[in-house]
Amino acid sequence: MTTAAETKSTTGAIEFHHIDYIPKAERHGKVRDQFTLWFLANAELATLAVGFIGISLGLSLFWTLVAIVLGEVFGTFFMAFHAVQGPRMGIPQMLQSRPQFGFLGALLPQAIAVFLFVGFNVFNTIIGGTALATLTGLDLPIAVTIMAVVAFGLTMLGYDWIHFVQKWGTYIFLIVFGIFTVSVLFLGDLPAEHAQMGDFQATPFLVVLGAVAAYQVSQAPYVSDYSRYLEPGSTSRATFLWTYWGSMLGSFWMIALGALLLAMFPAAQTVDSIVSGGDLLFPGFGTIALASALIGMVTVIALNMYSGSLSGLAAIDVVQTMKPGRGVRFAAVAIIAVLGTAGSLLLPEDFLGSYGAFLALILYALTPWTAVNLVDFYLVRKGNYAILEIFKPKGIYGSWNGRGLAAYFIGLLSMVPFFSISAIFVGPVADSLGGADIAVFVGLPVSALAYWILTRNLDMTEEQRLAAAEAGELEAAGEEAMHEAPAS
């Protein structure tokens, strides 16, 4: 049998696992690496576009920043709690939906997650391709394809390599964009209407608040994918805090910077604003900043390919058991890569409008799932699951879990009056608020409360017995799979 030392010595190799359990002998890494992974995952050009929303709606810079801070504090809170599930359970995020929704019922959130990952890559790849085209003069379709291919290579290398690039990419970002941000603050010319507090406008304020919260909540299906290799003994507090501050600081930096740049350069698009802002220091520095931002764009595209492939395999596993293997990983990642890249080449010119609608749709679909998943983990089962049963079609969690599905749809329906997607649907409450969207602030507590009430009489005696009885079998199966893996 492979020893822990032998297994951990292979952590720089091409990843072998996908949706299968990560045995304790293979757990490795530092909790603080969650900070750099989530910092750079958010400190990228697509995040910058979220900061354009408030300014484009006529909200002053001051009130835009206030809305950004509140949205970050609220949205990141829920996103970061998912990180604790990784080291505790050792399986991908969306596979963890089976205890709440059932073996077949989990297909619902898994399908939504695949849509999320592919959709995000449509936006990320076009922005990354535009940046590369600006730097090199390449035609946009070629630049988009190059970004996708490089990201695909990183994704295939897997978990450890993604963490490695995120760590060093964070260091580069802090240096380059630290200089960039200071230069913009001291050398930029802020228009008079944004140099003052300005009037408070409820509708655009709530739009920004909801969009920022949505951006953070929409990362929930990723989170424990990148913490599941950590030691099971990693403390919940440290895992949560490193994830929280990494995600919040990275996204706040770029969203706030986006708002500032649009206030200074009202006609600029995402890529142009970086070039214009950087050139305030000296001609050409904007190009340097844009080039450094490509690291973050490649890695965030890779994150979507990686988590998208895991969610897709979790769904396929319902009809065909997915055994560990690099060939399976390759096929799954390739499908997600092709879908995202194809979509990026067909993106409409109205990028900002499409981006806002996309964020809203994803927020609505993910809000009740997030609430149900977190209440189950922290309040109902308190982190104790029969992991081996999650992989069984006829296991203790059943095919359909009426409690989880009911709580999900109760939460979703409670949000409908608060929906606000211009040109698609505006609910009556949102309409009375001038189109402002506060659905997330309704859906989260309603779904959470509904699930908690529905599970109060849940008897987990047999589940806990199975968890203890199958623990050794679970570890042995995981180690055996890795022992049989071909050398990379």
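Arginine 465 and glutamate 462 sit three residues apart in helix H22 (residues 461–469), so about one helical turn separates them. An α-helix has 3.6 residues a turn, so residues three or four places apart point the same way. The side chains of arginine 465 and glutamate 462 meet in a salt bridge, at 2.7 Å from N to O. This model is predicted.

The whole structure holds nine salt bridges. The table lists some of them.

| Pair | N to O distance |
|---|---|
| Arginine 465 and glutamate 462 | 2.7 Å |
| Lysine 392 and glutamate 389 | 3.0 Å |
| Lysine 167 and aspartate 33 | 3.7 Å |

Take the pair of lysine 167 and aspartate 33, which form a salt bridge. Lysine 167 is in helix H10 and aspartate 33 in helix H2 (residues 33–42), so the pair ties together parts that are 134 residues apart in sequence. Aspartate 33 is buried, at 14% relative accessible area. Lysine 167 is partly exposed, at 24%.

Now for the core. The largest nonpolar core has 131 residues. Phe177, Phe180, Tyr226 and Ile274 touch the most other members. Helix H15 gives the most to this core, with 16 residues. Of the 32 residues of H15, 26 are buried, so the helix is largely enclosed by the rest of the structure. Beyond its neighbours within four places in sequence, phenylalanine 180 contacts residues including Leu257, Ile274 and Phe285.

Valine 182 counts as partly exposed because its relative accessibility is 45%.

Notes:
Residues numbered from 1 in each chain as written. Predicted model: local features only at pLDDT ≥ 70, side-chain atom pairs only at ≥ 80, totals over all residues. Heavy atoms only, no water. Buried < 20%, exposed > 50% of the residue type's maximum accessible area, 1.4 Å probe, protein only. Helix = DSSP H or I, 4+ residues; strand = E, 2+ residues; numbered from the N terminus. Core = buried A, V, L, I, M, F, W, Y, C linked by side-chain atoms within 4.5 Å. Contact = heavy atoms within 4.5 Å. Salt bridge = Lys/Arg side-chain N within 4 Å of Asp/Glu carboxyl O.
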